[in-house]
Amino acid sequence: MAEAATSRRMTTAEFLRWEDGSDTRYELVQGCPVAMAPPADRHGTIAANAAVEIDRRLESRPPCRPVLEAGIWIDDENYYVADGAATCAAPCEAVHLSDPFLIVEVLSQANEKEEFATKVQAYIKLPHVQEIWLVDSRKRWVQPWRRAGADSWIVALPLGGDALFESPSLGDRIALDRLYRNTGL
């Protein structure tokens, strides 16, 4: 992850009103805006493929839908932008996604440590999140997480090749072949 964009500390509410005058995307980490690198081609393709797979399974459950680059309000000092997420909350004008039940993070060399050490640990504390998919952009490697109770999670061993994994919140199995479609992996 990039360095903090400003030394000015702010709350999440202040961050969502803040403008730096550029097209740079930011997350708020421990009260400091942090610039995000643009996603690489493969990274973006995987995120789009995940959204398509989620959308196919939510088609008959309006208003449920996937959202790319979903803003996730963690707390008063942290606001992350997930590569993808799914919600059943009614669409609105808010810049953060209400009640995401599934979060997708695409891992790359630049963000892998941050995704594991910080983001996943924050996501599992959000009561509405039921599933997290960690999808590597460098090799076929997916690790699904799913809530097993109020304070417990089941973390699958990483999957590769042409594996399938169960998505309880979508009520179906997800094929790695579909997540990695058109990526060269």
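# Close-up views of the predicted model

**Figure 1. Asp 99 is partly exposed, with a relative accessible area of 47%.** A residue is called buried under 20% relative accessible area, exposed over 50% and partly exposed in between, with a 1.4 Å probe and protein chains only. The model is predicted, and local features need pLDDT of at least 70, side-chain atom pairs count only at pLDDT 80 or more, and totals for chains, interfaces and linings use all residues. Residues are numbered from 1 along each chain as its sequence is written, and side-chain values use heavy atoms, with hydrogens and water left out. Asp 99 lies in the loop between E4 and E5. Helices (H or I, at least four residues) and strands (E, at least two) are DSSP runs, numbered from the N terminus. The phi angle of Asp 99 is near 50 degrees, a positive value in a residue other than glycine. Most residues other than glycine have a negative phi, and most peptide bonds are trans.

**Figure 2. A cis peptide bond joins Pro 62 to Pro 63.** The omega angle of this bond is near 5 degrees. Pro 63 belongs to the loop between H2 and E3.

**Figure 3. Helix H2 covers residues 41-58 and includes Thr 45.** The expected span of a helix is 1.5 Å times one less than its number of residues. For the 18 residues of H2 this gives 26 Å, and the end C-alpha atoms are 26 Å apart, which agrees. The buried residues of H2 include His 43, Ile 46, Ala 50, Ile 54 and Leu 58. Among the elements against which the buried residues of H2 pack are strand E3 (65-75), strand E4 (78-87), strand E10 (172-175) and helix H4 (176-179).

**Figure 4. Thr 45 and Asn 182 are in contact.** Contact means heavy atoms within 4.5 Å. Thr 45 is buried, at a relative accessible area of 19%. Leaving aside neighbours within four places in sequence, Thr 45 touches Arg 181 and Thr 183 as well as Asn 182. Asn 182 sits in the segment after H4 and is exposed, with a relative accessible area of 62%. The phi angle of Asn 182 is near 60 degrees, a positive value in a residue other than glycine.

**Figure 5. Val 129 is buried, at 0% relative accessibility.** This residue is placed in the loop between helix H3 (112-123) and E6. Neighbours within four places in sequence aside, Val 129 is in contact with Pro 100, Phe 101, Ile 103, Tyr 123, Arg 147 and Trp 153. Ile 103 is 26 residues from Val 129 in sequence, while their C-alpha atoms are 7.4 Å apart in space.

Figure 6. From the N terminus on, the elements run α-β-β-α-β-β-β-α-β-β-β-β-β-α. The radius of gyration is taken over C-alpha atoms, and the globule rule is 2.2 Å times the number of residues to the power 0.38. For 185 residues, a compact globule would have a radius of gyration near 16 Å, and the protein has 16 Å, which agrees. The C-alpha atoms fill a box of roughly 45 × 35 × 30 Å along the principal axes. Buried residues make up 45% of the 185 residues. Of the contacts with a separation of 6 or more, 52% join residues 24 or more positions apart.
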